[in-house]
Amino acid sequence: MTTYLDADLPVLLPRAADTSEATRAILNSAREASPVAKGPFGAIVLRHEDVVALLRDRRLRGPGMDFARLAGIPEGGRAWKRQEQILLFMEGDDHHRLRRLVSAAFTPKAVEALRPFTRSVISRLIDDVEADGECDAVAALCDPYPIPVISELVGVEMDRWEDMSRWASSILLSLRFDAGQFIDEIEQAQAELDEFIDGLIAARRAEPRDDLLSRLIAVEEAGDRLSPSELLSVVSMMLVAGTDTTRNQLSNIIHTFSEHPEQWALLRERPELVSAAVEEAIRWEPATEALPRFALDDVEIGGHLVPAGTIVVLMSMAANHDEGSLPGADRFDITREAPAGWHLLTFGGGVHYCLGASLARLELVEAVAELSARFPVLRPAGDAVRHPTGSPIAGYASLPITWRP
Ligand code: HEM
């Protein structure tokens, strides 16, 4: 069989379009033409059923440290060492062990306990702008939202939120395809965060509290515990995995509703739809558009041979919109009931399925519930600006909105 490289397939460039609508149109027409496309890094998989199956296929593994190497992160440095202990970059028994230990501390009960705090954060952010009738949703609502929540989860005091935010922004650069360019900033932030968390670990060892850090220190399974270096990496991971994703996802949700006023009106009429509305909005405009994988063996995808050693990009954005698996997928409908067995791919799937999905959903539901209760309408108040190509998370750099009737 000839490889996918020899076939006449659509060619896709990262974020070729300026708007999410145009991105959707490009992906839809590529998927209708072929289940696989060629991209600058390797093969791109577009159909829902293929993405779901490949997320569970052991011939593919997660991004691993190859991506850190490709991105130019120096091997053996502090940023490299932290990344080696981040679940998304681990595989096999090491991944399984760390995920089990972290899950034992990051329980559904611990997530649910954050609900009142989360509600108070979004409510205060809305208080600050409500009388103005308009704002840049990114600066006023989305950017400042997740850091206090993650800080509260971990057990960081209120007066360090701004430091946490600064460290998160710098460490997040390590997930870019061109991370090497920012290495000094990344290493500096990682060193400062490590020092701060080291101090916090000592304090919680001496006097445990009801927070994630205390639970991570205490967690023990069959005599196994997290090492001091793993504790630093897990806190760093929570900060990195739970910040940019959530703030960008909220910007995408606000953008989607600002483009669908009739669905906003429906949500205001029927507030009980809020969870379904969030589910549909994160399907429609996901913050994580693509899941990178690495083929350990030859794999046949949609009739094309993808050879061992290929980077395989599972395009969750295209799969979420695949009419072949979800009838009417190209309609934004908050009353949608997905068919039994259909998988939303915004949080991935398989062994790397998002560990924070329930916290993310809680944050997004609280935000949308509060926004829809207080903003009678939600309309664009200027041009939305998306993040430029190169950022690993899709969302907005600026999103002017108004709620004046
Ligand atoms: C709307 C917000 C979020 C989105 C869209 C999102 C999306 C994702 C996706 C797609 C993956 C899998 C990536 C892959 O397989 O290549 C993932 C993994 C992960 N997420 Fe999230 N995430 C969000 C929020 C969070 C939060 C709030 C946390 C924690 C506080 C978190 C923690 C993690 C962790 C630890 C992993 C790695 C799991 C593993 O490899 O075993 N995420 N996330």
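**Entry 1: Leu 364**

I began with Leu 364, which sits in helix α17. The model I am reading is a predicted one. Is Leu 364 buried or exposed? I counted 24 C-beta neighbours inside 10 Å, and the cut-off for buried is 20 or more, so Leu 364 counts as buried.

Next I looked up its contacts. I left aside neighbours within four places in sequence. Leu 364 is then in contact with Gln 249, Leu 250, Ile 253 and Val 278. I also checked one distance, from Leu 364 to Arg 166. These two residues are 198 apart in sequence, and their C-alpha atoms are 22 Å apart in space.

**Entry 2: α13 and α15**

Two of those contacts, Gln 249 and Ile 253, lie in α13. Val 278 lies in α15. Helix α13 covers residues 228–259, and helix α15 covers residues 274–284. At what angle do α13 and α15 pack? I found about 100°, with the axes 9 Å apart. An angle from 65 to 115 degrees counts as roughly perpendicular, so α13 and α15 are roughly perpendicular to each other.

I then listed the residues that meet. From α13 they are Gln 249, Ile 253, Thr 256 and Phe 257. From α15 they are Val 278, Ala 281, Ile 282 and Trp 284. I sorted the residues of this contact by type: 6 are nonpolar, 2 are polar and none is charged.

**Entry 3: around the ligand**

Helix α13 came up again when I looked at the ligand. Which helix gives the most to the shell around the ligand? It is α13, with 7 residues. Helix α17, residues 357–374, also supplies at least two residues of the shell.

There are 24 residues around the ligand. Gly 242, Thr 245, Gly 348, Cys 354 and Gly 356 come nearest. By type, the shell has 13 nonpolar residues, 10 polar and 1 charged.

**Entry 4: Val 51**

I moved to Val 51, in helix α2, residues 48–55. Val 51 has 28 other C-beta atoms within 10 Å, so this residue is buried. Which residues does Val 51 contact, leaving aside neighbours within four places in sequence? I wrote down Val 45, Leu 314, Ser 316, Ala 319 and Leu 345.

Val 51 and Asp 6 are 45 residues apart in sequence. Their C-alpha atoms are 22 Å apart in space.

**Entry 5: Arg 61**

My next residue was Arg 61, in strand β3, residues 60–61.

With neighbours within four places in sequence left aside, Arg 61 is in contact with Glu 91, Arg 293, Phe 294 and Leu 296. I also looked up Val 312. It is 251 residues from Arg 61 along the chain, yet their C-alpha atoms are separated by 9.7 Å.

**Entry 6: the whole chain**

Last, I stepped back. How many helices and strands does the chain have? I counted 17 helices and 12 strands. The radius of gyration is 21 Å, close to the 22 Å that the globule rule gives for 405 residues, so the chain is as compact as a globular protein of that length. The C-alpha atoms fill a box of roughly 65 × 55 × 40 Å along the principal axes.

Of the 405 residues, 43% count as buried. I also looked at contacts between residues at least 6 apart in sequence. Among these, 73% join residues at least 24 apart.

Methods: Residues numbered from 1 in each chain as written. Predicted model: local features only at pLDDT ≥ 70, side-chain atom pairs only at ≥ 80, totals over all residues. Helix = DSSP H or I, 4+ residues; strand = E, 2+ residues; numbered from the N terminus. Rg over C-alpha atoms; globule rule 2.2 N^0.38 Å. Buried ≥ 20, exposed ≤ 12 C-beta atoms within 10 Å, placed from the backbone. Contact = placed C-beta atoms within 7 Å. Near = placed C-beta within 6 Å. Nonpolar A, V, L, I, M, F, W, Y, C, P; charged D, E, K, R; others polar. Axes fitted to C-alpha atoms, helices over the stretch in contact; angles between N-to-C directions. Parallel < 35°, antiparallel > 145°, perpendicular 65-115°, else oblique.
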